[in-house]
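Please look over the chain below.

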Amino acid sequence: MGEHNIDRHLEPEQLRSFMKSLLRELEALEHMIANGMIESDVRRIGAEQELFIVDQAWRPAPLALEILEALTDPHYTTEIGLFNLEINLDPLAFAGDCFSRMEQELTDRLNRVRTVAQKLGAEIVLTGILPTIRKSDLDIRNLTPKPRYLALNHALSKLRGGAYEFRLKGTDELIVKHDSMMLEACCTSFQAHFQTDAEHFARLYNVAQVISAPVLAAAANSPLLFGRQLWRETRIPLFQQAVDTRSASYHLRERCSRVSFGQRWMDQSVLEFFREDIARFKVILGAYIAEDPFAVLQQGLPPELKAFRVFNGTVYRWNRPCYGIVNGKAHLRIEMRALPAGPTVADEVANAAFFYGLLNALHHEVPDITKVIEFHHAEANFLAAAEMGLDAHMTWLGGRTIPAQTLIAQQLIPQAREGLAAAGIAASDIDRYLGILHERIISGQTGSQWLLNSFCKLKKEGTRDEVLTALTAATVNRQWQGAAVHQWPLAQLEEGRAMKPSDLRVEEFMTTDLFTVEPHEPIELVAHLMDWRHIRHVPVEDEQGRLVGLVSCFEIMRYLRQQPDRVGNEPIAVSTIMQPNPITVTPETSMVDAIALMRRERVDSLPVVKDERLVGIVTEHDFLNIVARFLSHTQPEPAPSLLRERRRFKVKKAHVS
């Protein structure tokens, strides 16, 4: 959990003071490590659970502050988006029935937050990326109004010096700009913590780096963003781009992203990476530091190292070294940040058990893991796991390449079992959680694969908004039924039928695969486009993608009626017949408002524009289809009011022509 007592605007003198405190705290940490003041006689595990809040239409609901006010419990805290929450679990000794205890605590805490959410007409969802999240949900107004998030957004935006640009390529491609770091709010995770002593930290950290790839491949749960099929774990590239402050002009330099797998192995001490991060990355958050860490140490107490923790919370290694205090003793831990939230609590705990078991096994089996695998192979494995999930091929210890599914099922799960047994984990816990993982791997149905299989089935049956709504509804339904994801039946379109047409925004059903022309092009091209693509409206845009006009089939027909002799002669420019400055809407416009605008302006189509750029188009046909689909599931025949609306549209069409 990040430090929230942050100074949003720091003057240069304050920044110098903060940096001085940061360096002094690093010296204090070095002193503590050198003098055996880091806890070493116990291994603990812990976790942070992030989640989404959704409304009755399965869309993001910005209710975090209201829910937290009702809970009044420090285990619950904010995240960057007002539709996100975080739950911090109590640390547990890595022994006995720690995993079943973790599952029970998390289930209890989720039940409590769910009860509060339901009283507010909302629901909670465990998923890496919410299928129904829309770009409009990422408006800065949904940024949690806490100093930490406001300061982070201000600092990162300032360092970028321009819009946030995202390019993701999977089965589909997504290229999008945004004006804030809010795309980070698309991502929720289950962050697993492992406490270790200072002496063995470097070895354990390197093992954690190596095993992150197969663990991620087994846990993938985020294949969709804005209805596009991207990576099996799209959170990885999305989060990296959301917090990347590098500008394109600097990419030829050796400049590192604040979100990364790292650049090398840890050699001797955790201090290496802390020093490297301070050397590489600017301070973007600050706080008033009153504590003198050495004065606290002289009193026999562990210092808070607040400046260090604030800074460390702004460098997002996928395996992040952390400092903390438990029961009055300072400790070090590895925070594994790559695991997604969901699909169920049992699946999440199974993922964590796999990670901890492998970590303990390879730490004891391999004296120095850096001697049997190259760093660039470990990093490549990690990216392959994020992109391909269980379909990835990995270069494993000794240099052999093996499919991830085979590697996990035949070698790594047995090793994890040995590692957990060696740590004294109860046999019942080992059997339950590694059993869940084994069945998932054998079936091939990770959370990501379930979403993709359901998506591919449903998109033949309904529109994109219907499919994404059904996926979210089905996820929630199955999460609370108890079965792990490998047992889930595919989603059904009917599961999302609670949505009402009035809940929709234009961006959810607009056509984005557009065929456009420029003003100087001939009207014959427009006619052919309409014939070839069976469309009635062709937007006209300039070279920069700005909308300058609209041509409908009625303009073409009117021109042919009025100028029959011109047909076949000198080509006529589109600008001659287009409607200049057409009525438009934004993607965030509600369906109800868009229909009202069409009726008021007597038009049968609306280009959709964002930041002066054409992004889509909606027509009366789109609206009628949505309303008809809704009515077909609520009554046997179309309502008379709908029939009247259809006739009204036809009258208006005639008027326009």
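## Val 517

Val 517 sits in the loop between helix H15 (464-479) and helix H16 (523-533). Helices here are DSSP runs of H or I with at least four residues, strands are runs of E with at least two, and both are numbered from the N terminus. The model is predicted: local features need pLDDT of at least 70, side-chain atom pairs count only at pLDDT 80 or more, and totals for chains, interfaces and linings use all residues. Residues are numbered from 1 along each chain as its sequence is written, and side-chain values use heavy atoms, with hydrogens and water left out.

Is Val 517 buried or exposed? Val 517 is buried, at a relative accessible area of 1%. Buried means under 20% relative accessible area, exposed over 50%, and partly exposed in between (1.4 Å probe, protein chains only). Neighbours within four places in sequence aside, Val 517 is in contact with Leu 525, Val 526, Leu 529, Val 538, Pro 539, Val 540, Glu 541 and Val 574. Contact means heavy atoms within 4.5 Å. Tyr 205 is 312 residues from Val 517 in sequence. In space, C-alpha to C-alpha, Val 517 and Tyr 205 are 56 Å apart.

## Val 42

Val 42 also belongs to a loop, between helix H1 (12-34) and E1. Its relative accessible area is 24%, so Val 42 counts as partly exposed. Leu 451 is 409 residues from Val 42 along the chain. Their C-alpha atoms are separated by 39 Å.

Strand E8 covers residues 190-196. Of its 7 residues, 7 are buried, so E8 is largely enclosed by the rest of the structure. Both faces are covered. Phe 190, Ala 192, Phe 194 and Thr 196 lie on one side. Gln 191, His 193 and Gln 195 lie on the other.

Which strands pair with E8? Strand E1 (residues 44-54) does, in the antiparallel sense over 5 bridges. Pairing requires at least two DSSP bridges between two strands. Ala 47 has Ala 192 of E8 as its bridge partner. Strand E14 (residues 329-336) also pairs with E8, again antiparallel and over 5 bridges. There, Phe 194 stands opposite Ile 334 of E14.

Helix H5 spans residues 201-219 and bends by about 40° at Ile 211. The bend is the angle between axes fitted to the seven residues ending at a residue and the seven starting there. A proline, Pro 214, follows within four residues. H5 is mostly covered, with 18 of its 19 residues buried.

His 363 is in helix H10 (residues 345-365). His 363 counts as buried at 6% relative accessibility. Beyond its neighbours within four places in sequence, His 363 is in contact with Arg 43, His 200, Arg 203, Leu 204 and Val 207.

## The whole protein

The protein has 20 helices and 21 strands. Its C-alpha trace spans about 95 × 55 × 55 Å along the principal axes.

Of the 657 residues, 57% count as buried. Among contacts with a separation of 6 or more, 73% join residues 24 or more positions apart. The accessible surface comes to about 27,600 Å², and 50% of it belongs to carbon and sulfur atoms. Accessible areas come from the Shrake-Rupley method with a 1.4 Å probe; for residues, only the protein chains shown count as cover.
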